[in-house]
Each structure stands twice: as structure tokens, then as C-alpha cells.
Amino acid sequence: MAKSKFEYVRNFETDDTCLRNCYIVVRLDGRNFHKFTEQHKFAKPNDNRALGLMSRSARSVMEELEDIVIAYGQSDEFSFVFKRTSTWFKRRASKLMTHVASQFSSSFVFYWKEFFGEDLPLLYPPSFDGRVVLYPSNRNLKDYLSWRQADCHVNNLYNTVFWTLVQKGGLTTAQAEERLKGTLAADKNEILFSEFNINYNTEPAVLKKGTTLIWEKRDETVTKCMKLPNAEEKEVVVTRSRRRVQAHHCDVIGEQFWEEHPDILEDDNC
């Protein structure tokens, strides 16, 4: 950048470098998505097209920023975890957050037709707000992801019962809200089972557990044409191992997931 007498204005910039040896979590939330889902006629209580689009957008972010070791999403939110040793954008919080938010938002628009088709056009641009939070230990990070997954379960159980009462029980939204006031998880499960013969435990895992994205190695087999010394060509099958972003709809609160994927977390003594 060329020097000039105006360069002093850079002194007004705030240092927002993230503390070292901490996981950097960028969480995005859909802004005013209640209105967005209504105007785009999303299915209630869950729209599988929208959930698929959210996951595809999140995968786009991970493929662009490979220091993200795990991402977790549910409903209209997604959390992205940068490894604690990441030096992307010199660990500047504003750079990380804005890049994640812009990549996710543009991907959401770019892949819209892939999930909603031509019959449901995007009526106006969606937006996502973001925040950056630092977690210094593996326990802190695991508890954060557990918190988000517990939130997924609580919200989905409520929404499932609420919209079942409206769509199958004939209640108004106000009546359904009043019916569920003060109920516990066991009460909601009982309403679903005894009144509508719905076993909540058999609901799809993506709805109850959310979506966890991680990097995994996958063997890919391709056929290549190789030239032989006699100028002839021969087809050869080649197998390569590549890192790909894979989706899981599983429990992250217990230890099994972390034991099966020990490469996600870094040593607390780093």
C-alpha cells in the first residue's frame, strides 16, 4: 500500500487477533428466518430441502477453509470450528467471521435451485449474522457442541409436537402453544404416542441430532489412460485416498463419536 499523509487513519483499527492455543468457533444464525421460511413456504416442522441446503452451504465453507476441523448445524444455524493452531487470516476474528458468513450466504443462494428447483424461486437474499467465540480446552469445545446438540433435541421435540397438534390435531397455533405450556419431554413424547401413534425415537436422526461435518479420508478409484513405450495407450485403474467432507447425524455428547474420530481434537498441551 502506498504511503501518504492519510495513512494515520489505520491507527483507529482495533486489534481483534484471537488468543493463541484456542479453538476458534464461528457460529452463524439465519437473520429473521421466521419471515424467510414463511414467505418461501417451508414445510413444518422441518423442511428437508432447507436442511440439505444448509449442509451443502456449510460443506462449501469447509472446502474453502480447510482449517475448519468440524462443523455442526441444526435448524437455521451452523457452527464452524477452526483448529487451535490455525493461522488463517492471522487469527483475526473479523476476517474469519466475515469470510465464513459471506461464503455460507453466497453458497446458500448459489445452491438454492439444486434443492428447491425452479418452482420455488428465491424471493429475496437471505442473510446470516455471526459471532466468534474462543474455547481453550477440548472439554470446553465438546461442551459447546453438546450444548448446541441438546438445543437441537429440545427444539425439535417441541416443534414436532406443536405442529402435530396443529396439522393432525386441528388446534390453532395459539391453542397448541397453550397445550404445551409447562410440559416436560416425557409429556410431549406421551402426547405424540398416545394421541397420534408417533414414536419420537423413530424420527430421522438428522432432525433429532442435527448435522455434524468432518473431514474423512475416502478411497477413490479412477481409470487413467497411460502411454506405453510402443506409443500404445492402456487403461489403468488407480486408487487414491482423498480427504472429503462427510456428514454424520449422530450423538456428539457422549464419548463414542470422539473415540471414533480422534484426529478432530488437538492435544490440550499444545
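The largest share of the lining of the second largest pocket, three residues, comes from helix H5, where helices (H or I, at least four residues) and strands (E, at least two) are DSSP runs numbered from the N terminus. This is a predicted model, in which local features need pLDDT of at least 70 and side-chain atom pairs count only at pLDDT 80 or more, while totals for chains, interfaces and linings use all residues. Residues are numbered from 1 along each chain as its sequence is written, and side-chain values use heavy atoms, with hydrogens and water left out.

**The pockets**

- A pocket is, on a 1 Å grid over the protein atoms alone, an open set of points where a 1.4 Å probe fits, with protein on both sides within 12 Å along at least five of seven lines, and its lining residues have an atom within 4 Å of a point.
- The second largest pocket holds about 150 Å³ of space, and the residues that line it include Pro45, Asn46, Thr160 and Leu207.
- The largest pocket holds about 720 Å³ of space, and of the 32 residues that line it, Pro45, Asn46, Ser75, Asp76 and Asn159 are the closest to its centre.
- Helix H5 gives the largest share of the lining of the largest pocket, seven residues.

**Aspartate 219**

- Aspartate 219 lies in strand E5, which spans residues 211-227, and is exposed (over 50% relative accessible area, 1.4 Å probe, protein chains only), with a value of 61%.
- Leaving aside residues up to four places away in sequence, aspartate 219 touches Thr239, Arg240 and Ser241, contact meaning heavy atoms within 4.5 Å.

Key: Buried means under 20% relative accessible area, exposed over 50%, partly exposed in between (1.4 Å probe, protein chains only). Grid points are joined across faces, edges and corners, and a volume is the space filled by probe spheres set on the points.
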